[in-house]
Amino acid sequence: SIDELQPNRGPEQGGTVVTLKGRNFYPFKEILDEINNANDTFCTFLDLKIRTLATVTNSTRATCVSPPSYYWHQSRVEITLNGVEYTEDENIFYYYKPPVLFDVVPREGPVWGGTKVTISGTNFEDTGTIRVDFGGY
């Protein structure tokens, strides 16, 4: 079962590494020589009808990468360990449009920093991970 998706949101172009936190993701660890289900383990983004490969880290963690979604703004995410039976926990992954910058004022400042900068644009959504990067600094 899946208890939580972390993060539970990402940009609409996909590519977000999503960690699934839950239970019983590694039921065959005692008999891995006999049963290897790595090729049958997928995350499914139900509302998109897309599944992506999942990597099980341990019995309580697995990761997968979100697919793009330019139409749907959210999707339920489930996991399968055999390619057939899926969890039914209804955890939601939310998609957002990436921000678009129109202007930055002022456009320059002293090399030691400290200048207050105003950024204008669109699609500024509080995703919990807002960050501004000034040329890699």
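**Strand pairing in the predicted model**

Two residues separate β6 from β7, and together these strands form a hairpin. Helices (H or I, at least four residues) and strands (E, at least two) are taken as DSSP runs, numbered from the N terminus, and two strands are said to pair if DSSP finds at least two bridges between them. The model is a predicted one, in which local features need pLDDT of at least 70 and side-chain atom pairs count only at pLDDT 80 or more, while totals for chains, interfaces and linings use all residues. Residues are numbered from 1 along each chain as its sequence is written, and side-chain values use heavy atoms, with hydrogens and water left out.

Turning to the open sheet, five strands follow the order β2-β9-β8-β4-β5 with mixed pairing. Because β2 (9-11) and β5 (50-53) stand at the edges, each with a single partner strand, one side of each is left without a neighbour in the sheet. From one strand to the next, the twist averages 30 degrees; axes are lines fitted to C-alpha atoms, for helices over the stretch in contact, and angles run from 0 to 180 degrees between N-to-C directions. Inside this order, β8 (residues 74-80) and β9 (residues 91-96) pair in the antiparallel sense over four bridges, and Arg-76 is found opposite Ile-92 in β9.
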